[in-house]
Amino acid sequence: SIIYLDTDKLSLVQTLRKEQSKLLDSNKNNLLSWFSRPVQFSIRQRIILTLNSDLYKRITICHKNLYSSLEQYIGYIEMYGCVIEAEPIEKTGNVQGLCFVDPTGKVTYYGGVDVIMDDKYQIQGYLYPQTKVPILALEQATITIVKSLHKKFEVIGYVTIKYVVCFDGLDNIPKTLAEGIYLGMTPVFTSLSNVSILTMNDVAIGKSLLPAEFPSNRSVVIIPMAIHEPLKGSRDDIFFKLCHMKGISYDRNRKTGTLFNLIDSILSGAVSFITICSSRRKAIDLAIYVCNFIIQQYGKLPGDIEMSWEQVTSILSSLRYIMKQDNKIT
């Protein structure tokens with residue numbers, strides 16, 4: 001997302017919901033009374049009038065490093081256009097399905113991941129395996145989409161299908177909606193490949209040059225990039241020595257632990273890491289421990305640095321939220 005509008009903050013939305021409830025009660029819950037042409041026309045007029053006065057106040061810019069003001073972003077919209085999406089009311093999460101399609105059209109399905117996002121819809125990491133959608137349903141949907149892409153557009157290589165998972169209150173059923181396609185290699189593929197090679201015996205390498213399957217007996221948290229400004233005062237050797245002292249390492253015998261992908265020197269202030277454990281809860285807990293370790297060893301962010309999605313502190317907050325939500329379910 002670039003910008004978003006939280007409709008719950010519009011006073012008109014609360015008023016309309018009360019009117020909807022009252023109208024349905026008086027019409028024996030007949031939905032046609034709410035969706036009738038005169039009612040909907042009146043609602044749209046009122047929404048437009050509200051947005052004309054409140055839109056600029058209620059919109060949040062996600063990438064202020066790219067767009068410093070709404071006026072600047074609207075200038076780009078006028079030149080290039082934009083996509084407007086309405087998010088489901090009862091959203092339960094975001095999921096990605098991972099595939100590789102070879103030139104003959106054969107599709108290798110690797111599995112799905114839950115997407116870790118901050119409150120501004122920016123992707124911070126991934127959880128493998130996904131838990132939001134029935135495994136077979138996600139596999140069949142992803143393979144069907146990828147086969148169609150190959151047939152119509154001759155798409156080959158790595159393909160990621162992005163889904164939003166929600167509960168449809170009107171139909172009273174959970175739904176999974178495909179909302180995007182990403183073509184090409186992503187950090188998720190390479191991270192899970194490393195996990196496969198480290199945790200599985202006699203790994204077969206497929207045509208994709210990745211393992212033919214990802215591990216089914218491991219849970220993984222993938223953080224492609226985490227930035228912490230105070231890390232710039234450290235060195236690679238000191239950082240990893242401290243990690244070892246605090247028990248942050250990979251156990252080759254148990255095939256669990258933490259792996260660091262060196263996207264740059266620690267002097268850059270950025271790290272990338274993967275936690276591998278026997279359960280989802282343990283993997284999340286270990287990722288939280290790694291984030292806490294970085295903050296405790298190197299200090300909190302200076303007050304003049306604005307919080308953003310890639311900051312370790314922000315990632316830690318998202319991981320804690322996921323752990324809290326998982327605890328409610330269990």
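## Tyrosine 109 and its neighbours

Let's start with tyrosine 109, which sits in strand β4. Leaving aside its neighbours within four places in sequence, tyrosine 109 is in contact with Gly97, Leu98, Cys99, Leu138, Glu139, Thr142 and Ile143; contact means heavy atoms within 4.5 Å. Take leucine 98 from that list: eleven residues separate it from tyrosine 109 along the chain, and their C-alpha atoms are separated by 6.1 Å.

Is tyrosine 109 buried or exposed? Tyrosine 109 counts as buried because its relative accessible area is 17%. The cut-offs are under 20% for buried, over 50% for exposed and partly exposed in between, using a 1.4 Å probe and protein chains only.

## Where the model comes from

This is a predicted model, in which local features need pLDDT of at least 70 and side-chain atom pairs count only at pLDDT 80 or more, while totals for chains, interfaces and linings use all residues. Residues are numbered from 1 along each chain as its sequence is written, and side-chain values use heavy atoms, with hydrogens and water left out.

## The whole chain

Now zoom out. The protein chain has nine helices and eleven strands, and its C-alpha atoms fill a box of roughly 70 × 55 × 45 Å along the principal axes. Of its 330 residues, 40% count as buried. Looking at contacts with a separation of 6 or more, 61% of them are between residues 24 or more positions apart.

Isoleucine 59 belongs to strand β2 (residues 59-61) and counts as buried, at 19% relative accessibility. Apart from neighbours within four places in sequence, isoleucine 59 is in contact with Ile3, Tyr4, Leu5 and Leu70. Tyrosine 4 is 55 residues away in sequence, yet 5.8 Å away in space, C-alpha to C-alpha.

In soluble globular proteins, nonpolar side chains tend to be buried together. A nonpolar core is a set of buried Ala, Val, Leu, Ile, Met, Phe, Trp, Tyr and Cys residues joined through side-chain atoms within 4.5 Å. In the largest such core there are 31 residues, and Val221, Phe239, Val271, Phe273, Ile294 and Leu319 touch the most other members. β8 (219-227), α7 (236-245), β11, α8 (280-298) and α9 each supply at least two residues of this core. The largest share, eleven residues, comes from α8. Apart from this core lies another, of 20 residues, among them Val115, Tyr126, Tyr250 and Ile276.

Which residues does phenylalanine 273 contact, leaving aside neighbours within four places in sequence? They are Val221, Ile222, Ile223, Thr258, Leu259, Phe260, Ala287, Val290 and Cys291.

## Cysteines on their own

How many disulfides does a search of the whole structure find? The search finds zero, where a disulfide is a pair of cysteine sulfur atoms within 2.5 Å. For cysteine 243, the closest cysteine sulfur is in cysteine 291, 12 Å away, so the two are too far apart for a bond. Cysteine 243 is buried, with a relative accessible area of 1%, and cysteine 99 is buried too, at 0%.

## A cavity and a pocket

Cavities and pockets are found on a 1 Å grid over the protein atoms alone: in a cavity a 1.4 Å probe fits but cannot get out, while a pocket is an open set of points with protein on both sides within 12 Å along at least five of seven lines. Lining residues have an atom within 4 Å of a point. Points are joined across faces, edges and corners, and a volume is the space filled by probe spheres set on them.

The structure holds one cavity of 30 Å³ or more. About 30 Å³ of space lies in the largest cavity, and its lining includes Phe260, Asp264 and Val271. β11 (270-277) is one of the elements that supply at least two lining residues, and it gives the largest share, three residues.

The second largest pocket has a volume of about 710 Å³. It is lined by 24 residues, of which Thr92, Gly93, Met117, Tyr321 and Ile322 lie nearest its centre. β3 (91-101), β4 (107-117) and α9 (312-329) each supply at least two lining residues, and α9 gives the most, with eight.

Methods
Helix = DSSP H or I, 4+ residues; strand = E, 2+ residues; numbered from the N terminus.
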